[in-house]
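Please read this briefing alongside the sequence and the model.

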Amino acid sequence: MMASTSRANLVVLGSLVIAFMLTVIPLPEWLVLLRPEWVALTLIYWSMALPNRIGVGVAWTTGLFLDVLRGGLLGQQALSLCIIVYITLKLYQRIRVAPLWQQAFSILVLIMLHQLLNLWVKGITGQPPQSWTYWLPAFTSMLIWPLCFIALRELRRHFRVS
Amino acid sequence: MTLDHRQHHADTLRATLSLVMYPIQAIVGLPASTGNWLAENLSSRQTLLSHNKELRDEQLLLKIKMQKLESLEAENQRLRELLGSSFKVGEKTLIAELVAVDMDPFSQQLLLNKGSLDKVYSGQPILDANGVMGQVLDVGPVSSTAILITDPSHAIPVEVNRNGLRAIALGIGDTNQLDLPHIPNNADIKTGDLLVTSGLGGRFPAGYPVARVTAVTNNPGASFASVAAKPTAKLLSTREILLVWLEKQPEQKESPRTEGPES
């Protein structure tokens, strides 16, 4: 029991580290605006797959690290990740049974909410992004969700995390 | 938490977290730095030789200019002493490298590989070979984030090199443009004017080039002219940047004339 718990933690941590790396990896200029919200996607997956283990606390900690990584206000991503993980935890039984493409729409809504919360914080601190391209990551996240889901599910099955 | 951060209570937390995150950032930056390393090590002898020659020529030119500069600097210092105002000379510098990672695409920040262990401090000016790039925002133990002068939340006090007209250059989020608000319609500013740091505010050293004016539009209905300028520093293509320590805060002594009557 102990061993499987620590292994599960390692797998979750590993996937989050990879998500962090994907978040800051340098991309060509035209791709930068299309970068999906990798960390949010990974967190949503784990909170759906292991709802009794991944909660708001994990989301908060991850969000703090993400803020440092991307150079935002400390707590801004943490807040929005907490809220979307909370919603996922409330709804996971409904989202989990839906087919992948329907899940993708829930993801669109969740990521847009995540971005909206971030936009508010940015607006309050006086530097709102001016263009509609701000919303593009929500759509790319939606498109990449099936891929992300399958990859993480394989990872979870491979390491028998449950 | 967010509000708390505006008063900078969470800086130590941020510094600690950044220490944890630095390995991730370093690994992500690794391919780029390896690529540069390979390019340096695998370049042919011919290119190295020609590059070497170019550099030697350039160094010769710079040395000649330097000789003149030193005598001018000494003269300047002497004259200033005569006037009774002290002026800092010779700031301490350190070269830092950029870590190749992408930050938030809607704010313009860089990650440097030097931190508080190298005595980097928050608010420290950073320069490249062509001009001012920005200032340090957050400092971690081994890394720090810097904000560019073109970030929408950044402003830098400048003056026109030609006539000393003071202004403030605001970033607008475009790496090729700075805005100069509040310049009267009849002010003496022209396209092509070089803007240098004025040193007011005590954060940036005075006299470093910042931008060149690209457009001055006088709108008769508005009370201010709209002036756009292009940063002289290569904000997007530099890999190495210069951190500057101000040795002495710029201070203006009382002029001798006001002291005169008392003594």
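The points below describe a predicted model of a complex.

Local features are reported at pLDDT of at least 70 and side-chain atom pairs only at pLDDT 80 or more, while totals for chains, interfaces and linings use all residues. Residues are numbered from 1 along each chain as its sequence is written, and chains are lettered from A and ligands numbered from 1 in the order in which they are written.

**Confidence**

- The predictor assigns the complex an ipTM of 0.72 and a pTM of 0.74.
- Chain A has a mean pLDDT of 87, with 97% of its residues at 70 or more; pLDDT is the predictor's confidence in each residue, from 0 to 100.
- Within chain A, the lowest mean pLDDT among the elements belongs to helix α2 (residues 29-32), at 79, and the highest to helix α3 (residues 38-49), at 92.
- For chain B the mean pLDDT is 80, and 87% of its residues reach 70 or more.
- Confidence in chain B is lowest in helix α4 (residues 256-259), with a mean of 38, and highest in strand β6 (residues 155-160), at 91.
- Residues 249-263 of chain B have pLDDT below 50, and this stretch has 13 contacts in the model beyond near neighbours in sequence.
- Where pLDDT is low, predicted coordinates should not be read in detail.

**Fold of chain A**

- Chain A contains seven helices and zero strands; these are DSSP runs numbered from the N terminus, helices being H or I of at least four residues and strands E of at least two.
- The radius of gyration of chain A, 15 Å, agrees with the value near 15 Å for a compact globule of 162 residues (taken over C-alpha atoms; the rule is 2.2 Å times the number of residues to the power 0.38).
- Along the principal axes, the C-alpha atoms of chain A fill a box of roughly 50 × 30 × 30 Å.

**Helix packing within chain A**

- The axes of α4(A) (residues 56-70) and α5(A) (residues 76-97) come within 7 Å and cross at roughly 150°; axes are lines fitted to C-alpha atoms, for helices over the stretch in contact, and angles run from 0 to 180 degrees between N-to-C directions.
- That angle makes α4(A) roughly antiparallel to α5(A) (under 35 degrees is roughly parallel, over 145 roughly antiparallel, 65 to 115 roughly perpendicular and the rest oblique).
- The residues of this contact divide into eleven nonpolar, four polar and one charged (Ala, Val, Leu, Ile, Met, Phe, Trp, Tyr, Cys and Pro count as nonpolar, Asp, Glu, Lys and Arg as charged, and the others, Gly among them, as polar).
- α5(A) also packs with α6(A) (residues 100-124), at about 155° and with axes 9 Å apart, and these two helices are therefore roughly antiparallel.
- The contact of α5(A) with α6(A) has ten nonpolar, eight polar and no charged residues.

**Contact between the chains**

- Chain A and chain B each give 27 residues to the contact, where two residues count if their C-beta atoms, placed from the backbone, lie within 7 Å.
- On the side of chain A that touches chain B, α1 (2-24), α4 and α5 each supply at least two residues, and α4(A) gives the largest share, five residues.
- That side of chain A divides into 19 nonpolar, seven polar and one charged residue.
- α4(A) and α2(B) (residues 11-42) pack at about 85° with axes 9 Å apart, which makes α4(A) roughly perpendicular to α2(B).
- In this pairing, Leu64(A), Phe65(A), Val68(A) and Leu69(A) meet Arg14(B), Leu17(B), Ser18(B) and Met21(B).
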